[in-house]
Amino acid sequence: MAEVVNYKDLGLVNSRELFRQAVSGGYAIPAYNFNNLEQLQAIITACAETSSPVILQVSKGARSYANETMLRFMAMGAVRMAREMGSEIPIVLHLDHGDSFETCKSCIESGFSSVMIDGSHLPYEENVALTRKVVEYAHQYDVTVEGELGVLAGIEDDVVAEHSTYTQPEEVEDFVSKTGVDSLAISIGTSHGAFKFKVKEGEEPPPLRFDILAECEKRIPGFPIVLHGASSVVQEYVELINKYGGKMEGAVGVSEDQLRRAAASAVCKINIDSDGRLAVTAKIREYLANDPGEFDPRKYLGAARKELIKLIKHKNEAVLGSAGRAK
Ligand code: G3H
Ligand code: 13P
Ligand code: ZN
């Protein structure tokens, strides 16, 4: 049997205490996805400089792109880097959209401090059974588990959902008590990716279903709720991408006002991936268009990393409210 790596030996923490503080403090912990060095450096730099706790998220796609072992050592490097910056921010290493018991088990054994088991596409009782199985295993190692009820439109790793299905508030209490999960992702109108809503020119995207969120909160008061698909799809980046040869007409996301409102509620984890992708793509396109002879990746990736740091600091300070909360 492969050696089991305990996340505590890597300097990581699970999400339990962070969520408790976030729910009572009315802010949300940022969960940023990473796949490569520059993204991770930017997340750590921005969170250390804003004194924000952080969840480093690894999707199944990231594991196959970057290699699970490589990502674990990168997370260890990230902890060390933060400490060397003089920062004691809590860092969680989390599996995003775990698709099976085996994937979750493998991450737990390789040093992840938190996992998501996404059984949201399964019939309710199967979702309960799978989530329960992961919780039973994870809790032996004090690893926290996120479950999901309701389906987001867009791509959930391998699962492509054409239409979203909002979370049914009547199910949340039963799900949480039967599974023993530590947090619950719900579907209230967000979706993954950069094309979240179809809106006509000049129109605002529809508001999130805060009524469903309130119904869920009522049934599981104080329980940590997670919001996926929470990128704002920053228009400045979409415009740069389109200006420098890209094609992303109609890309639109969740407004910062809506996210602030969610963060002030029982939503204590907000997942952001697409905004980082847009920042990186916009800056690389801009850099290479302005300096077509440049071929040193450190130059254009460096420009992308700098922008990512700016974006993440802004999110922590002005949207999620996690800045200054690292204890
Ligand atoms: O929720 C999905 C995340 O944005 C990860 O996406 O599977 O392309 O890495 P990915
Ligand atoms: P976005 O695509 O809106 O960034 O959502 C990311 C996410 O939910 C990762 O799990
Ligand atoms: Zn997600």
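Trainee: How many aromatic pairs does the structure hold?

Mentor: This is a predicted model, in which local features need pLDDT of at least 70 and side-chain atom pairs count only at pLDDT 80 or more, while totals for chains, interfaces and linings use all residues. Residues are numbered from 1 along each chain as its sequence is written, and side-chain values use heavy atoms, with hydrogens and water left out. Rings of Phe, Tyr and Trp (its six-membered ring) pair if their centres lie within 6.5 Å, and planes under 30 degrees apart count as stacked, over 60 as edge-to-face and the rest as tilted. On that criterion, the number of aromatic pairs in the structure is three.

Trainee: What is the geometry of the pair formed by Phe 101 and Tyr 137?

Mentor: Phe 101 belongs to helix H5 (residues 101-109) and Tyr 137 to helix H6 (residues 124-139), so that the pair links parts of the chain 36 residues apart, helices being DSSP runs of H or I with at least four residues, numbered from the N terminus. The centres are 5.7 Å apart and the planes make 80 degrees, which is edge-to-face.

Trainee: Is Tyr 141, which pairs with Tyr 137, buried or exposed, or partly exposed?

Mentor: The pair of Tyr 137 and Tyr 141 is tilted, with 5.3 Å centre to centre and 50 degrees between the planes. Buried means under 20% relative accessible area and exposed over 50%, with partly exposed in between (1.4 Å probe, protein chains only). Tyr 137, at 11%, is buried, whereas Tyr 141, at 30%, is partly exposed.

Definitions and conventions. Chains lettered and ligands numbered in written order. Helix = DSSP H or I, 4+ residues; strand = E, 2+ residues; numbered from the N terminus.
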